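Dear colleague,

I am passing on the structure we spoke about, and my notes on it follow below.

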Amino acid sequence: MKMDLKQLFDIVGEKRPIDCELDFSAEELYGQTPFHTPVAVTGQIENRAGVVRLVFGVKSVLSLTCDRCLEAFERAYDFSFEHVLVRTLHTENDEYVVCEDGVLDLTELVRTDLLLELPTKVLCREDCKGLCGQCGKNLNFGSCECKKKSIDPRWEVLSEMFS
Ligand SMILES: [Zn+2]
Ligand SMILES: [Zn+2]
């Protein structure tokens with residue numbers, strides 16, 4: 001979504017509310033396309049004493065697959081961001097977002113902000129037990145029989161002696 005902010009850059013005291021939903025359904029993340037529902041963006045752009053400041057919140061629900069146990073799950077993320085908008089960049093400053101010709105590409109900015117903030121690894125829960133390396137059972141749903149079989153080899157010798 002592109003926003004024409006020429007007027008906002010020119011007039012001190014100008015404000016522009018932001019309330020929109022962005023479609024990131026084609027966006028790839030973790031080798032998946034987790035944005036099944038639109039990303040909600042609300043905020044405001046304001047020219048205060050000639051400084052144009054953008055403040056916004058991003059709400060998204062991602063449909064993910066756990067890296068460890070491969071279960072599908074949904075997780076909501078809620079972040080807020082703040083940027084100073086400029087028409088041209090005079091100094092190197094990452095904090096500033098350049099709006100060429102006074103136009104802001106909000107979709108691109110939200111995408112960059114959001115992807116930087118999201119974790120690089122996704123687990124269904126912090127203490128996910130994962131899958132059994134032998135039988136493939138999801139250990140979050142209970143233990144499997146494999147552990148009992150893989151007893152200490154020293155005991156195996158003993159049990160052979162007594163059998
Ligand atoms: Zn998991
Ligand atoms: Zn097992």
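C124 is partly exposed, with a relative accessible area of 21%, whereas C69, at 3%, counts as buried (buried means under 20% relative accessible area, exposed over 50%, and partly exposed in between, with a 1.4 Å probe and protein chains only). Please note that this is a predicted model, in which local features need pLDDT of at least 70 and side-chain atom pairs pLDDT 80 or more, while totals for chains, interfaces and linings use all residues. Residues are numbered from 1 along each chain as its sequence is written, chains are lettered from A and ligands numbered from 1 in the order in which they are written, and side-chain values use heavy atoms, with hydrogens and water left out.

Both cysteines belong to the zinc site: the protein donors of the zinc ion (ligand 1) are the SG atoms of C66, C69, C124 and C128, at 2.2 to 2.4 Å (donors are N, O and S atoms within 2.8 Å of the metal, or 3.2 Å for Na, K and Ca; water is not among the atoms, so sites may look incomplete). The four donor atoms subtend angles of 107 to 113 degrees, which makes the arrangement tetrahedral (four donors, all angles between 85 and 135 degrees). In sequence the donor residues follow the spacing C-x2-C-x54-C-x3-C.

Elsewhere, a search of the whole structure finds four aromatic pairs (ring centres of Phe, Tyr or Trp, the latter by its six-membered ring, within 6.5 Å; planes under 30 degrees apart are stacked, over 60 edge-to-face, the rest tilted). Y77 and F79 are stacked, at 6.0 Å centre to centre and 20 degrees between the planes. F56, Y77, F79 and F81 form one aromatic cluster.

Best wishes

Note on methods. Tetrahedral: all angles 85-135°; square planar, octahedral: opposite > 155°, others 65-115°.
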